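Here is a short briefing for a first look at this structure. Keep the sequence and the 3D view side by side while reading.

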Amino acid sequence: MNEKLAAIREQTMAKIKEAKDIDALNDIKVSVLGKKGELTQVLKSMKDVAPEDRPKVGQMVNEARAIIEDALEKSTKEINRLLRSEKMKREVIDVTLPGVKHMKGHRHPNEIALEDLERVFVGMGYEIVEGPEIEYDKYNFELLNIPANHPAKDEQDTFYITKDILLRTQTSPVQARVMETGRMPIRIVSPGRVFRSDEVDATHSPSFHQVEGLVVDKGITFADLKGTLLQFAQEFFGKNTKIKLRPHHFPFTEPSAEVDISCFKCGGKGCRMCKGSGWIEILGCGMVHPKVLKDCGIDPEVYSGFAFGIGLERVTLLKYEIDDMRLLYENDLRFLEQF
Ligand code: DAH
C-alpha cells in the first residue's frame, strides 16, 4: 500500500510539472482526486487493510492528497500568472503612436449652390417647401395645363410606375400642390430631384435637380417677376449681373419667358463660358396661367402670380465654372475636395 501511494504521488507530481495549461491540470485533478480517481480508489480499498493499520494508511492518503492539492493550486496560479503577463504584453498600448485620422466630409457643390440660392429667396420672405419625387400624372401634367396628348409630355418623357404615377419630370407639380391648399398669399421655393429618360452626357442626366418658385397674391404683375429675378441674379452671380427675358412658351404660364444673365466671366463681351454671346440662359418663368389658377381652386379674377423654374445643376456648373455635369455625380474626391 505504501509503495502504491508513493507511486501515485510521484507520477502525479511529475504530470503536474509537465502540465502546460489549466485544462491539463483539471484532467489530473479528476484522474487522481475525482470520484473514480486513483487516490479515491485507495481510500475505497481500506476495507482490505488490517484494522490496526488503517489509521496509518488513512493518514498517508490524506498527506498525499494535501501535497497533490497544494501542487495543483500552485501550478494553477503560475499558469494564470503566465497567461496574464502574456496578455499584458500583447495588449500594450503605445500612446506615442499618431492617432487614426477620420476623413471629414463637406457639402457637395450642388448643395452649396442650393444653400446660397435658398438664402437669397428666404431673404425675400420665401418659404422652402418640398414635394414628392414619385408624383401623380395629375400634378405633374394635368393641373399644369399639360393634358394627355400635349406635345410637352413627349419632351418630358419619364419613368412610369403605373399609368397615373410617375417619377416627376419637373418641380412644377409642387406649385399645384401648394395652390390646392388654398392658403394665401403664396411665396415659396421648392428644390428637389426630377427625372427624365435622358442619356447621360456633359449636360444631361436621367436624374437632376430643379428649384421651383411660385408667388400668388392680389396684384402680382410681370414687373414683380422681373424685379425678383434681377435681385436673385445679382445676389447669386454678382451685383453687376444683368438679366434678359426672351419670350418663350410653357403650358402653365402666360406670358412665358426664358431668362438669360449677362456673362459674369466676360461681363457681356463674349467668351468661351457664354459661347461668345455675352449671355447665359438660367431659367424659365412666366405669369401663372389663369386656367392653372382656376384648376387649383384659385380665382384668377382676384389673384395673380408668377412662377419660375431653375435648373440647379445648371447654376452650380456656371457658378463654379465646371464644364461637365457628370463630374457632379461621380463622387471623385479629387474633384469634390476643390469646393
Ligand atoms: N418646369 C419647367 C421645365 O422643367 C421649368 C419652368 C418654366 C418652371 C417656367 C416654371 C415656369 O415654374 O414658370 O422645363
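Helices (H or I, at least four residues) and strands (E, at least two) are DSSP runs, numbered from the N terminus. Axes are lines fitted to C-alpha atoms, for helices over the stretch in contact, and angles run from 0 to 180 degrees between N-to-C directions. This is a predicted model, in which local features need pLDDT of at least 70, side-chain atom pairs count only at pLDDT 80 or more, and totals for chains, interfaces and linings use all residues. Residues are numbered from 1 along each chain as its sequence is written, and side-chain values use heavy atoms, with hydrogens and water left out.

**Helix pair**

- The axes of H2 (residues 22-33) and H4 (residues 54-90) come within 10 Å and cross at roughly 170 degrees.
- H2 and H4 are therefore roughly antiparallel (an angle over 145 degrees).
- On the H2 side, the contact (heavy atoms within 4.5 Å) involves Ile22, Leu25, Ile28, Lys29, Val32 and Leu33.
- On the H4 side, the partners include Arg65, Ile68, Leu72 and Ile79.
- By class, this contact has eight nonpolar, three polar and three charged residues. Ala, Val, Leu, Ile, Met, Phe, Trp, Tyr, Cys and Pro count as nonpolar, Asp, Glu, Lys and Arg as charged, and the others, Gly among them, as polar.

**Ligand site**

- The ligand is surrounded by 16 residues, each with a heavy atom within 4 Å of it.
- The closest are Gln170, Gln175, Arg196, Gln210 and Glu212.
- This shell divides into five nonpolar, nine polar and two charged residues.
- Strands E5 (207-217), E8 (279-288) and E9 (304-311) each supply at least two residues of the shell.
- Polar contacts are pairs of N or O atoms within 3.5 Å. A side-chain N or O atom of Glu212 is 2.5 Å from a ligand oxygen.
- A polar side-chain atom of Arg196 lies 2.9 Å from an oxygen atom of the ligand. Ser172 has a side-chain N or O atom 2.9 Å from a ligand nitrogen.
- Alone, the ligand exposes 350 Å², and the protein buries 91% of that. These areas come from the Shrake-Rupley method with a 1.4 Å probe.

**Backbone details**

- The peptide bond from Met184 to Pro185 is cis, with omega near -10 degrees. Pro185 sits in the loop between H8 (173-180) and E4 (186-195).
- A cis peptide bond also runs from Glu254 to Pro255, with omega near -5 degrees. Pro255 belongs to E7 (residues 253-262).
- Asn145 is not a glycine, although its phi is positive at about 65 degrees. Asn145 lies in the loop between H6 (137-140) and H7 (152-155).

Conventions: Angles under 35 degrees count as roughly parallel, over 145 as roughly antiparallel, 65 to 115 as roughly perpendicular and the rest as oblique. A polar contact is a pair of N or O atoms within 3.5 Å; within protein, one must be able to donate a hydrogen and the other to accept it, and residues adjacent in sequence count only if both atoms are side-chain atoms.
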